[in-house]
Amino acid sequence: MRARYGVPLTLTAVGAAGLAYAAGYEVRSFRLRRVTVPVLPRGMRPLRVLQVSDIHMVSGQRKKQRWLQSLAGLRPDFVINTGDNLSDPEGVPETLDALGPLMEFPGAYVFGSNDYYGPKLRNPARYLIERVQGRHGLNGNAPVVGAVHNPWEELRDAFDAAGWVGLSNTRGRLKLEGVEIALTGLDDPHIKRDRYAEVAGGPEAGADLSLAVVHAPYLRSLDAFAADGYPLILAGHTHGGQLCIPFYGALVTNCDIDTDRVKGLSTHTTAGRTSYLHVSAGCGTNRYTPVRFACPPEATLLTLTARD
């Protein structure tokens with residue numbers, strides 16, 4: 001009996017323990033990533049930027065709300081929200097409650113597909129299949145039919161009322177104490193809402209720093225930003241792979257960026273120009289796949305310093 005069934009039973013027990021850890025502990029084990037990026041002009045004081053992404057708020061997620069509220073204690077110079085705030089049409093009030101203390105700081109935002117549309121139940125293995133076939137979101141897949149529309153306008157109005165700058169296929173500026181930040185953003189490439197031609201032209205003259213912001217780090221967007229000379233691009237969307245293999249890393253990115261750059265700070269080079277790229281692993285999950293493994297939920301405090 002032991003020789004025949006021992007190994008399958010052991011594997012089943014290990015799998016069950018891993019699922020319990022991923023769904024019961026790690027998905028709520030919120031972390032703060034800290035990185036330093038040398039992109040400022042020489043002589044300029046350091047700037048602290050808090051990036052929050054992929055909150056995917058579902059009603060009742062009290063621990064996530066409290067953790068997001070606590071990030072205001074970092075006292076950042078400004079906040080960048082890289083989208084996918086919702087995973088529940090009823091989640092807007094709790095999202096705004098969680099972000100309320102952060103909305104006291106200057107900030108800017110772009111939206112992701114889950115801000116516009118509610119999630120659908122799907123087989124997680126499809127992400128692996130789509131990766132092999134080179135299909136991601138609406139980029140190669142058929143348009144979504146029968147999607148639930150989220151009340152993203154309520155988010156937009158609240159962010160705008162707080163003074164946050166909307167960057168969906170547009171430019172904006174943040175004025176801090178003695179510093180002016182120019183921002184260029186795109187709507188979500190994952191659902192083909194990006195319109196780079198409307199914001200092309202590169203960093204703005206007269207600003208102390210220009211940053212590029214997009215939800216999903218598709219290569220066409222990264223290429224355009226880097227070719228135009230932006231020193232730093234901020235993105236989210238990937239969830240850091242969400243289910244990773246220890247000592248190996250992510251299996252999928254849910255877009256066409258490589259798995260080596262699925263989260264954290266890296267670079268992107270095109271046309272002889274190189275930009276820093278920071279991809280946030282985000283702090284939430286799709287409501288139908290509420291698990292994380294070897295990829296804790298996170299926000300990032302980026303300290304921008306003078307170039308070498």
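Helix H3 (92-99) has its buried residues covered by elements that include strand S2 (47-52), helix H2 (62-70), strand S3 (78-81) and helix H6 (152-161). Cover here goes by contact, that is, heavy atoms within 4.5 Å. The residues in question are Val92, Glu94, Thr95, Ala98 and Leu99. Viewed down the axis of H3, they fall within an arc of 165 degrees, so they line one face of the helix. That arc is taken from the directions that run from the helix axis to the C-beta atoms. As a general point, an α-helix has 3.6 residues a turn, so residues three or four places apart point the same way.

A word on terms. This is a predicted model, in which local features need pLDDT of at least 70 and side-chain atom pairs count only at pLDDT 80 or more, while totals for chains, interfaces and linings use all residues. Numbering starts from 1 along each chain as its sequence is written, and side-chain values use heavy atoms, with hydrogens and water left out. Buried means under 20% relative accessible area, exposed means over 50%, and partly exposed is in between, with a 1.4 Å probe and protein chains only. Helices (H or I, at least four residues) and strands (E, at least two) are DSSP runs, numbered from the N terminus.

Next, helix H2. Which residues of H2 are buried? They are Lys64, Gln65, Trp67 and Leu68. They cover an arc of only 165 degrees around the axis, which puts them on the same side of H2. Their cover includes strand S1 (31-40), S2, H3 and strand S14 (298-306).

The loop between H2 and S3 holds leucine 71. Is leucine 71 buried or exposed? Its relative accessible area is 4%, which makes leucine 71 buried. Leaving aside residues up to four places away in sequence, leucine 71 touches Leu32, Leu50, Val52, Pro76, Leu102 and Ala299. Arginine 287 is 216 residues from leucine 71 in sequence, and their C-alpha atoms are 23 Å apart in space.

Arginine 75 is in the loop between H2 and S3 as well. Arginine 75 counts as exposed, at 58% relative accessibility. Its phi is positive, about 55 degrees, although the residue is not a glycine. Another positive phi belongs to histidine 56, with a value near 50 degrees, and again the residue is not glycine. Histidine 56 sits in the loop between S2 and H2, and at a relative accessible area of 2% it is buried.

Now proline 296, in the loop between strand S13 (273-279) and S14. What does proline 296 touch? Not counting residues up to four places away in sequence, the list is Glu26, Ser29, Arg31 and Gly282. Proline 296 is buried, with 19% relative accessible area. From proline 296 to leucine 32 there are 264 residues in sequence but 9.7 Å in space, C-alpha to C-alpha.

Two more residues. Threonine 170 belongs to strand S6 (residues 170-176) and is partly exposed at 30% relative accessible area. Beyond four places in sequence, threonine 170 touches Leu183, Thr184, Gly185 and Val199. Tyrosine 196 is 26 residues away from threonine 170 along the sequence and 8.9 Å away in space, C-alpha to C-alpha.

Aspartate 194 is in the loop between strand S7 (179-185) and strand S8 (209-213), and counts as buried at 13% relative accessibility. Among the residues it touches are Asn169, Asp187, Arg220 and Ser221.

Last, the whole protein. How many helices and strands are there? There are 7 helices and 14 strands. Buried residues make up 51% of the 308 residues. The C-alpha atoms fill a box of roughly 75 × 40 × 40 Å along the principal axes. Of the contacts between residues at least 6 apart in sequence, 77% join residues at least 24 apart.
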